[in-house]
Amino acid sequence: MPNAKIAGIGYYVPENKVTNNDLARVMDTSDEWIQERTGIVERRYAKKHEESTTTMGVEAAKIAIERAGITNEDIDFIIFATLSPDYYFPGCGVLLQREMGMLGVGALDIRNQCSGFVYGLSIADQFVKSGMYKNVLLVGSEFHSMGLDFSTRGRNVTVIFGDGAGAVVVQPTEEEGKGILSTHLHADGTYAEKLAYINPGSHAGKWEDKERFGYPDVEFGGAFLTQKMWDDEDLFPNMEGQAVFKMAVQKFPEVIMEALQTNGLQPEDIDMLVPHQANLRISQFVQRRMKLRDDQVWNNIQKFGNTTAASIPIALCEAWEQGAVKDGDLVCLAAFGSGFTWGSALIRW
Ligand code: ACO
């Protein structure tokens with residue numbers, strides 16, 4: 001059975017840079033607070049009515065396909081990870097497919113937030129290893145800026161997120177010991193509401209926070225979006241930052257070690273760790289815990305903010321473009337996010 005490898009990679013970020021000071025003009029926050037707590041200096045925002053989660057994904061996919069040395073017609077399966085889709089349904093997979101003229105091949109949408117890319121890579125890996133597909137296009141893309149609360153109430157979440165997309169083409173490789181060595185996926189739904197975008201949804205408000213989030217209050221129809229949600233302006237993401245921090249700094253090292261141990265390797269064997277760009281403080285904590293040097297960890301959240309499903313392919317692509325990921329390197333991808341979900345992938349590049 002051949003291994004699967006990343007044969008092409010690309011990313012796209014919108015031109016529009018939004019600094020912390022730009023945000024401080026619309027909400028009560030400051031450059032100092034944001035940099036100290038998250039490391040973020042600026043992020044990109046897509047152009048409303050001109051760009052979308054899908055169009056950004058298409059731009060990243062074009063680069064990945066070209067670098068894989070194939071054409072759109074060669075793609076035999078599409079996986080699209082996002083939490084900020086163009087439509088409630090259908091998913092962005094079919095929209096990208098239509099845009100890129102890959103009609104007829106399967107298209108799967110992934111709803112695993114910050115872990116979406118690692119989950120998608122694991123699926124692509126299984127499909128390619130089993131021989132079912134030969135050129136899987138995996139895209140992670142987010143248009144966060146269209147769904148954030150830009151009032152002071154939403155500041156703890158809003159300052160963290162940015163827009164962008166990354167994509168890879170996954171193909172079989174005959175090279176011994178190369179490609180995706182293993183993937184590891186986990187979830188714990190106990191924490192589902194700790195980092196969530198709840199409304200509009202079909203939930204019955206059965207958890208402890210139902211008063212806070214409201215719930216469908218009509219008997220027939222219209223249950224997804226209620227007057228109460230509009231009245232409470234309860235249509236934005238929410239996060240319990242400290243709960244997220246606590247679990248993230250535990251699960252990142254755990255799932256990285258799981259990948260290493262599965263392959264009989266040690267932290268010092270890692271040439272490049274590309275963590276989901278959740279928060280620079282989280283990445284630094286993980287780096288210290290794993291006793292990794294600065295040159296073993298790629299961080300670019302300072303420039304792009306947290307782009308959720310897009311953050312790993314954007315960071316991996318940037319590292320590769322700058323020569324920090326080279327042929328034969330051991331690359332570890334690790335993610336943690338809403339769900340909570342977490343996962344890792346170990347790749348011999
Ligand atoms: N600007 C200024 N003040 C703010 C901001 C802001 N953007 N956001 C919150 N505050 C205020 C709060 O209102 C609070 O004020 P108060 O003491 O008067 O009530 C104060 O700062 C402290 O708020 P906390 O939420 O307790 O802030 P904390 O020190 O925990 O930092 C943070 C918040 C940065 C989110 C932190 O909890 C954290 O790093 N959590 C990890 C979560 C994370 O990074 N998630 C990334 C996205 S999820 C993912 O990708 C996995």
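Which residues do ring pairs link into a cluster? The legends below, for close-up views of a predicted model, take up this point last.

**View 1. The buried face of helix α10.** Helix α10 spans residues 280-290, and its buried residues are Leu280, Ile282, Ser283, Val286, Gln287 and Met290. Viewed along the axis of α10, these residues fall within an arc of 160°, so they line one face of the helix. Among the elements that cover them are α2 (31-38), α9 (241-262), β11 (272-275) and α11 (301-304).

View 2. The N-terminal end of α10 is capped by asparagine 279, which has a side-chain oxygen 2.8 Å from the backbone nitrogen of arginine 281. After the helix comes lysine 291, with a positive phi near 55°.

**View 3. An aromatic pair between helices α9 and α10.** The whole structure contains ten aromatic pairs. One of them joins phenylalanine 245 and phenylalanine 285 in an edge-to-face arrangement, 6.3 Å centre to centre with 80° between the planes. Phenylalanine 245 belongs to helix α9 and phenylalanine 285 to helix α10; the two are 40 residues apart, and the pair links distant parts of the chain. Phenylalanine 245 has a relative accessible area of 30% and is partly exposed. Phenylalanine 285 also counts as partly exposed, at 27% relative accessibility.

**View 4. A tilted pair and the aromatic cluster.** Phenylalanine 336 and phenylalanine 340 form a tilted aromatic pair, with 4.9 Å from centre to centre and 50° between the planes. Both phenylalanine 336 and phenylalanine 340 are buried. The cluster linked by ring pairs consists of Tyr191, Phe252, Phe336, Phe340 and Trp342.

Conventions: Residues numbered from 1 in each chain as written. Predicted model: local features only at pLDDT ≥ 70, side-chain atom pairs only at ≥ 80, totals over all residues. Heavy atoms only, no water. Buried < 20%, exposed > 50% of the residue type's maximum accessible area, 1.4 Å probe, protein only. Helix = DSSP H or I, 4+ residues; strand = E, 2+ residues; numbered from the N terminus. Arc of directions from axis to C-beta. Contact = heavy atoms within 4.5 Å. Polar contact = N/O pair within 3.5 Å; in protein donor to acceptor, adjacent residues only side chain to side chain. Phe/Tyr/Trp six-rings, centres within 6.5 Å; stacked < 30°, edge-to-face > 60°.
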